[in-house]
Amino acid sequence: MRAMVIDRYGKVPMRLAEMPTPDIGEYEVLAEIHAASINPVDFKIRDGKVKLLLKYKMPLILGNDFSGVVAKVGAKVTRFKVGDEIYARPRKSKIGTFAEYIAIHGEDIALKPKNLSFEEAASIPLVGLTTYQALADIMQLQKGQKILIQAGAGGVGTFAIQLAKIMGAFVSTTASEAGTNLVKSLGADEIINYRTEKFEEKLKNYDAVFDTLGGEILEKSFGVLKSGGKIVSVSGLPNARFGREYGSGFFKTLLFSALTHKLTALEKKHHVQYSFLFMKPSGEQLRTIANYIEAGKIIPIIDRVYPFENAQEAMEYAETGRAKGKIIVKIR
């Protein structure tokens, strides 16, 4: 099968290669991939930035979510059959969606929303699960609460605004002038133009912040929260609490604690909780998300679709940070 691979960590371009079609275990299906999406985690993995959490063998096929068709099912898979149209985020140990096929555990997949094309469906799994786990599982966002979603026009942001509105929250978001109409159309209640305004000066007493940017933006976000508020980041650093829950072991947990001492100090100063989110695959949550999509409550936002051969170009465009919504690689 054709696949986009890297041979070593670093800012190296992917290359198109012939790789063996994966074998499947008894609980897995072989999926014929029709479309995949580009996510920031793809270039973080490529650059070796998640080596502390994940180790991969080279050559490595990149890609973290997809839509496609079931080509073969393992002996103990009961929920799916050959020909089913599906979408999914594979387990972190089994990534590789920039390819013609992938072996994936049956628990990690769900039937594709009926009203979406393969390209639209491929835009959902990673951002959908990330957002669902941040807002529903960790924050437990309630009707009437106030949430700040950073970078509302991005891939995660466009989904997060829609889910937060379904949950009945008041949503503020940061966007450029170019992204203002998009985030407004998705239901954002207050829009901060990050080029001309400072969100940390305009917003106070928020229940939650969903951070997708990390760094200085994450640190400034603590000041927006009221006492007892929650901040969830997918771009910050894992802290000691994450290390313990993830089972990282004593020394890695100690390292996480040292690396996040500044964030821990901000937690104590503002009396809030900081959580680093490393999203888990879940077919069950993807079924919930599919119901929202089929009911018209969430729409996918796609910036561009690239042919498979141009996956490297798609990755480079993603790294500019200019995309409004998701970037898709069409594989067949």
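I began with N205, which I found in the loop between helix 6 (199–202) and strand 12 (206–211); helices here are DSSP runs of H or I with at least four residues, strands are runs of E with at least two, and both are numbered from the N terminus. N205 has a positive phi of about 60 degrees although it is not a glycine. With a relative accessible area of 52%, N205 is exposed. My cut-offs are under 20% relative accessible area for buried, over 50% for exposed and partly exposed in between, with a 1.4 Å probe and protein chains only.

A note to myself on sources: this is a predicted model, where local features need pLDDT of at least 70, side-chain atom pairs count only at pLDDT 80 or more, and totals for chains, interfaces and linings use all residues. Residues are numbered from 1 along each chain as its sequence is written, and side-chain values use heavy atoms, with hydrogens and water left out.

Next I looked at A151, in the loop between strand 9 (146–149) and helix 4 (155–166). A151 is a residue other than glycine, yet its phi is positive, near 55 degrees. A151 counts as partly exposed, at 25% relative accessibility.

I also checked P59, in the loop between helix 1 (40–46) and strand 4 (60–61). The peptide bond from M58 to P59 is cis, and its omega is near -10 degrees.

**Helix 10**

Which residues of helix 10 are buried? In this helix, residues 261–270, I found L263, L266 and E267 buried. They line one face of the helix, because they fall within an arc of 105 degrees seen down its axis; the arc is that of the directions from the helix axis to the C-beta atoms. H261, K268 and K269 are exposed on the other side of helix 10. The cover over the buried residues includes helix 7 (215–221), helix 8 (240–246) and strand 14 (273–276); contact means heavy atoms within 4.5 Å. After helix 10 comes H271, with a positive phi near 55 degrees.

**Cores and I289**

I then turned to the largest nonpolar core, which has 99 residues. A nonpolar core is a set of buried Ala, Val, Leu, Ile, Met, Phe, Trp, Tyr and Cys residues joined through side-chain atoms within 4.5 Å. F98, L135, I147, F210 and I289 touch the most other members of this core. Another core, of seven residues, lies apart from it, with A3, V5, A17 and I61 among them.

Leaving aside neighbours within four places in sequence, I289 is in contact with Y87, I124, G128, L129, Y132 and F159.

**Helix 3 on helix 11**

How do helix 3 (residues 125–138) and helix 11 (residues 283–294) cross? Their axes come within 10 Å and cross at roughly 95 degrees. I noted helix 3 as roughly perpendicular to helix 11, a term for angles of 65 to 115 degrees. The axes are lines fitted to C-alpha atoms over the stretch in contact, with angles running from 0 to 180 degrees between N-to-C directions. Helix 3 brings P125, G128, L129, Y132, Q133 and D137 to the contact, and helix 11 brings Q285, L286, T288 and I289.

**A318**

My last stop was A318, in helix 12 (residues 311–320). At 16% relative accessibility, A318 counts as buried. A318 touches I38, F43 and I327, not counting residues up to four places away in sequence. The C-alpha atoms of A318 and F43 are separated by 9.1 Å, although these residues are 275 residues apart along the chain.

Notes: Parallel < 35°, antiparallel > 145°, perpendicular 65-115°, else oblique.
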